[in-house]
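Here is a short report on one protein model. Keep the structure open as you read.

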Amino acid sequence: MRKKTVIRAVKKKKTNQKQEDHQPKLFIRMQNRLFAFYGLICILFVFIIGRIIYIELKSGPEYEKKVLAQQNNANQTIPYQRGRIEDRNGTVLAASVDMYKVIIDCKALNDDRKTIKARRKITINAVKKYFPEVDADRMVKELTEYKNSRYRPLRSKEFDKNNNQMIAKVTADEKEAFEKAFKDKIVNGKNKMPDKKKPYGIWFEKVYKRIYPYDSLAASVIGFTSSQNGEGSIGLEREYDSILKGVNGRSYGFIDSDRNVQKAVVEPEDGKTIVTTLDANIQMAVEEEIQNWNNQHLVNDGSGETKKLGSQNTACIVMNPNNGEILAMASYPGFNLNNNSDLSNYTIDDLKTISDENRKSVRNNIPISDDKIKENALNSIWQAYPITNSFEPGSIFKPVTISAGLDTGTVKTSDSYYCDGGEQIGNNYVPCWYHAGHGQETVEDALKNSCNDALMQMSAKIGPDYFSKYQRLFGFGQKTNVDLPGEADTSKLLFTKDQLGSYINLATNSFGQNFNLTMIQMAAAYSSIINGGKLYQPHFLYRVEDAGGNVIRKVDPVVRQTTISKDTSDLMKQYLRTVVRAGTGTKTEIEGYSVAGKTGTAQKSPKRENHYVISFIGDVPAEDPQIVIFTIIDVPNVGAESACHGTLEINKAILERIIPYLNIPSEEEEAASGITVYDSLYPAGK
């Protein structure tokens, strides 16, 4: 028994020795792992510190900006001021004026402290008193609905259709009156306006409002801006949006190394000013005379209600033929730029006639809602008719045909033509407007009398090759690239050379039928006929100025191509003078001045409706043209549309106003300066 006990004791001892040998080894392994882990942490820590130092040195400013940009309470956008639009004499046609959003801090005003509750009431009453356009009742509701908001712009009482929003904007005068009312008043060293009597949790954020000082003047040319981003929607506002726009500035709030609140300001860059070729005085004369004529031709629809339109459309261009500068461009009916969606002056029947889409719906008995009628009418009214609409020119195209004939030598001044009232072309009889016939005529007589028969005979001599060539030389079928959005594409509205090989097409084209053009194309083409043959690119931009008034860009005239020779041009100037002195344009004659030009009448499609486009394009003085004036009346509200002399009446009224303004020389003054007056070459009425 004893021996076994000894053996057990020895075995137990050996087991304890193994455990003691194992414990130091385990401790060492654990220690090594801890050292490795600690070392790894140290390495990562050193790497992170190094990375931070690297980022600070290389990208610190960039990250600082990103951090500051996220501190909404400390940062604020400073809006730029959009550039002005001016006429050639510096008259402001569009500008941006200071306005202010009224901002409230709902969270601050919802404070439970007694003093704050009192000041909240003061704030609400002050808003009601000094800002009548603000919806104070809505403000009270929003204090509850947005109780934790730190930034809540106040709403206006009425929806701003022009700006498509409800955010109220108060004027600088209203803001000043508000601030003055609660300004500290120190008397004998004491403040008589304690804080507890002042509004609380309210401040102002500067914005700009686009205004148009002359309301509807040149509305479709100037255009307007959208509310959402201030970008130009139509007209020059859209065409030169990138020039008129600026760059917003920003104020950055931050805490410096001494834990002081600092502010860095990046000033905004204001937009540039565009000075246009428009002359506000000429534009005003044009628009007033167009309106006067239309006011005189309002018609009663039989229901006892007087229509508000004297025509579907009336439009006019006044242009410098020697450089392409557009002095005035007007469209009727017009609109108020400061309230561009207002249609309250028009009846639904009026609005149905304004838009092509509306007229098509009515003509084809297609149901159309009042809202859609208004939408179509607005889109039509906003357009600059001389740029966006095409039409058959009628007889105003005859100077182009005769110029082409004279310039190619296919028509000679000695030629004579006999008008017996029309031409038989194959199975078609094409009448002259004067069915009895004009008899024997010279080239000048044919233009003076606006004889279709003679023009058809001329076109047969000119032929399709030359006729097609000169149509394109004069710019028809091509965009003029006038600097205004929406120019109509007429490239598919001309006959090709092969199509003109059909004599009926060539014949009707010769007097301006069966193809379309735009007013701006015709104005440029006519200008080249009387300026020696230079086809200028029409334009509105005169120069660009920076915020300091320094000219940074000047627009030079662009000659697109040569149309006719100077000799042909000189001859055409005489012929066009004869039209006004003794032909179809006598009603626009102004005593003592040498007015030239050409009348036109074209029947619109569909022919069954018997509607017409009436036109006159002219210049003054005929011997040395300084202005071109082109007026059309699209569907005049008169009994016999084809006999309407409205364009002659409008042109004469406009010229009587702008000739003295532009100091255009009279025939007597021309003669005194050595210019041969055309009236002295031919007896009156010949």
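Which residues does Thr-518 touch, not counting residues up to four places away in sequence? They are Pro-386, Ile-387, Asn-389, Ser-390, Phe-391, Ala-488 and Thr-490. Keep in mind that this is a predicted model. Thr-518 sits in strand E21, residues 517–518. Its relative accessible area is 0%. Buried means under 20%, so Thr-518 is buried.

Asn-514 lies in the loop between helix H17 (503–510) and E21. Its relative accessible area is 36%, so Asn-514 is partly exposed.

**Backbone angles**

Most residues other than glycine have a negative phi, and most peptide bonds are trans. Asn-514 has a positive phi of about 70 degrees, although it is not a glycine. Asp-215 also has a positive phi, near 55 degrees. Asp-215 is in the loop between strand E10 (202–211) and helix H6 (219–222). At 35% relative accessibility, Asp-215 is partly exposed.

| Cis peptide bond | Omega |
|---|---|
| Ser-605 to Pro-606 | about -5 degrees |
| Val-620 to Pro-621 | near -15 degrees |

Pro-606 is in the loop between strand E26 (596–603) and strand E27 (612–620). Pro-621 is in the loop between E27 and strand E28 (627–636).

**Two helices**

Two packed helices are described by the angle between their axes and the distance between the axes. Helix H3 (residues 114–130) packs with helix H4 (residues 136–145) at an angle of about 150 degrees. Their axes are 9 Å apart. Angles over 145 degrees count as roughly antiparallel, so H3 is roughly antiparallel to H4. The crossing of H3 past H4 is right-handed. From H3, the contact uses Arg-120, Thr-123, Ile-124, Val-127 and Lys-128. From H4, it uses Ala-136, Asp-137, Met-139, Val-140 and Leu-143. By class, the contact has six nonpolar, one polar and three charged residues.

**Cysteines**

How many disulfides does the structure hold? The count is zero. For Cys-432, the nearest cysteine sulfur is that of Cys-451, 4.1 Å away. A disulfide needs the sulfur atoms within 2.5 Å, so Cys-432 is in no disulfide. Cys-432 is buried, with a relative accessible area of 1%. Cys-42 is partly exposed, at 30% relative accessibility.

**One more loop**

Asn-339 lies in the loop between strand E15 (326–332) and helix H10 (348–354). With a relative accessible area of 32%, Asn-339 is partly exposed. Asn-339 and Tyr-212 are 127 residues apart along the chain, and their C-alpha atoms are separated by 9.9 Å.

Notes. Residues numbered from 1 in each chain as written. Predicted model: local features only at pLDDT ≥ 70, side-chain atom pairs only at ≥ 80, totals over all residues. Heavy atoms only, no water. Helix = DSSP H or I, 4+ residues; strand = E, 2+ residues; numbered from the N terminus. Buried < 20%, exposed > 50% of the residue type's maximum accessible area, 1.4 Å probe, protein only. Axes fitted to C-alpha atoms, helices over the stretch in contact; angles between N-to-C directions. Parallel < 35°, antiparallel > 145°, perpendicular 65-115°, else oblique. Left-handed = near helix turned anticlockwise from the far one by under 90°. Contact = heavy atoms within 4.5 Å. Nonpolar A, V, L, I, M, F, W, Y, C, P; charged D, E, K, R; others polar.
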